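Okay, thanks for coming, everyone.

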Amino acid sequence: MIPRHKRLLQKRLKPLYIAMFFQGFVLWYPVEKLFMTRIGFNDETVAIETMILTVVMIVVNIPVGVIADRWSRKGILITASVALMACDLLGGLSHGFWIYVASAACWGIFSACNSGVYDSVVYDTLIEEVGTANRFAQYYGRLQFFDGIALMLGSLLSGTVTYAFGLRSAYLLTIPLSFCSIIALAYFREPKEHKQGEAPLVGAHLKIIFQSIARKGDVFWIVLTLILATANIRLMFEFDQLWLIALALPVLLYGPVNALLLTSISSGGMIAGSLKQPYTIFAAGIILVMSSLCLLTRQRLLIIIAQTILLTGYLAFQVVFGKYLHDTLPSKIRVGASSVVTTVGYVLFLPAAFVFGEISKRLNIFHAAWVIIGIVIAMVISANVAMLSRPQRAGNN
């Protein structure tokens, strides 16, 4: 029989799981790059659009994080759903570069409003309900599981929708799905841990955030690992389909392949709880480096498997080291601190994306893979140093 406190916790988190599911049930993700090429994009303009999107996220991310800490994390998640609906609409109406960039900007706001919020809400809900965040990886992993399932279903359904109604319909039919997440969030009871006591002035708030994440020792390496993981995730999500285009993958296979790739979100969250010891992080790191080298090949199946493993590893590392970072933070700055770390990851992504795009344009996508390989190696080194230098804190297990 499930203990009463666990039943209450699961009931309280249920609307959050549903909201995450519908925010992830997006029909156009699998065919985005293909749609972009149909309306006039090439590898270079795809890279430019990606950099503009990233600049939007950089500009919005930290202010949104601070607002979430000072106002309402639930309100910010609802704002994210509204931004996603605007993205769906503008994407479906676009016929050229600038309207699509406006759609991408709305997606950037959506991403910024989600950055650091779900994990902070889960962490604080655990503190309120059971008094400890020991099982953070389990419950946050479950949240990612629902996100992954939604993304996978969206990918599988995408092929049918685009085949029957065209690529543009995938954007417009996502609007009602995104709206369902708002309904779910309306039923979620937000934790109030971050509301305890008087909020500091905005300037003091930002100062506390930067002081908390700019410390020497294990915190530095934890933050660096999260920054590199963020950059890697952005690179993979923005450019993974370019390998498929270069390898002339049939259009009907884009949905199933993207569904396979997106299983990494569920599996990354589920395996994160197993990466507790230095030797498990070391072994996972070796697998990630070997998988990144497979991106140099021209074998379709090998590249698809390698991309899936890489995303699984990035997301698992993000959960594990995100937990370690939250262990060091007071609730009042939890989202803001996560937003700063994510923003720095996006800043790193910008030059990496530019170099990636230039190499892909002048040579090919396979040579550009060296950009990803380099960041993977740096992330693995940082993660291992973090594990070796991390003191044992209460609640870290």
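One term before we start: when I say that two residues touch, I mean a contact, with heavy atoms within 4.5 Å. Now, what does W243 touch, leaving out residues up to four places away in sequence? W243 touches L295, I303, Q307, F356, I365, F366, A369 and I372.

Quick housekeeping. This is a predicted model, where local features need pLDDT of at least 70, side-chain atom pairs count only at pLDDT 80 or more, and totals for chains, interfaces and linings use all residues. Residues are numbered from 1 along each chain as its sequence is written, and side-chain values use heavy atoms, with hydrogens and water left out.

On confidence: pLDDT is the predictor's own confidence in each residue, on a scale from 0 to 100. The chain averages 83, and 92% of the residues score at least 70. Where pLDDT is low, the predicted coordinates should not be read in detail.

Back to W243. A nonpolar core here is a set of buried Ala, Val, Leu, Ile, Met, Phe, Trp, Tyr and Cys residues joined through side-chain atoms within 4.5 Å. Buried means under 20% relative accessible area, exposed means over 50%, and partly exposed is in between, with a 1.4 Å probe and protein chains only. The largest nonpolar core has 129 residues, and L16, W243 and F321 touch the most other members. There's a second, separate core of five residues, including L244, L249, Y254 and I304.

Next, helices. Helices are DSSP runs of H or I, at least four residues long, numbered from the N terminus. For the expected span, take 1.5 Å times one less than the number of residues. Helix 14, residues 300-327, has 28 residues and reaches 41 Å from its first C-alpha to its last, close to the 40 Å expected. It's mostly covered, too: 22 of its 28 residues are buried.

L325 lies in helix 14, and it counts as buried at 4% relative accessibility. Leaving out residues up to four places away in sequence, L325 touches I213, I222, V223, L226 and V341. I213 is 112 residues away from L325 along the chain, and their C-alpha atoms are separated by 8.3 Å.

Over in helix 7, residues 136-165, we find Q144. Is Q144 buried or exposed? At 6% relative accessibility, Q144 counts as buried. With residues up to four places away not counted, Q144 touches I265, S266, G268, G269, L315 and V319.

Then there's G65 in helix 3, residues 43-70, which is buried with a relative accessible area of 0%. G65 and S339 are 274 residues apart in sequence, but 5.5 Å apart in space, C-alpha to C-alpha. Beyond four places in sequence, G65 touches V335, G336 and S339.

Helices 5 and 6 next. Helix 5, residues 97-114, has 18 residues that should span 26 Å, and its end C-alpha atoms are 26 Å apart, which agrees. After helix 5 comes G116, whose phi is positive, near 80°. Helix 6, residues 117-130, has 14 residues and reaches 20 Å, close to the 20 Å expected. Because 10 of its 14 residues are buried, helix 6 is largely enclosed by the rest of the structure. G131 follows helix 6, and its phi is positive as well, near 80°.

Last topic, aromatics. Rings of Phe, Tyr and Trp (its six-membered ring) pair if their centres lie within 6.5 Å; planes under 30 degrees apart count as stacked, over 60 as edge-to-face and the rest as tilted. The whole structure has 19 aromatic pairs. One of them is F35 with Y171: tilted, 4.9 Å centre to centre, 45° between the planes. That pair links distant parts of the chain, with F35 in helix 2 (residues 32-38) and Y171 in helix 8 (residues 167-172), 136 residues apart. F35 is buried at 3% relative accessibility, and Y171 is buried at 0%.

How are the rings of F97 and W98 arranged? Their centres are 4.8 Å apart and their planes are at 90°, so the pair is edge-to-face. F97 counts as partly exposed at 23%, while W98 is exposed at 62%. F35, Y171, F97 and W98 belong to one aromatic cluster, which also includes W28, Y29, F41 and Y100.

Terms used. Helices (H or I, at least four residues) and strands (E, at least two) are DSSP runs, numbered from the N terminus.
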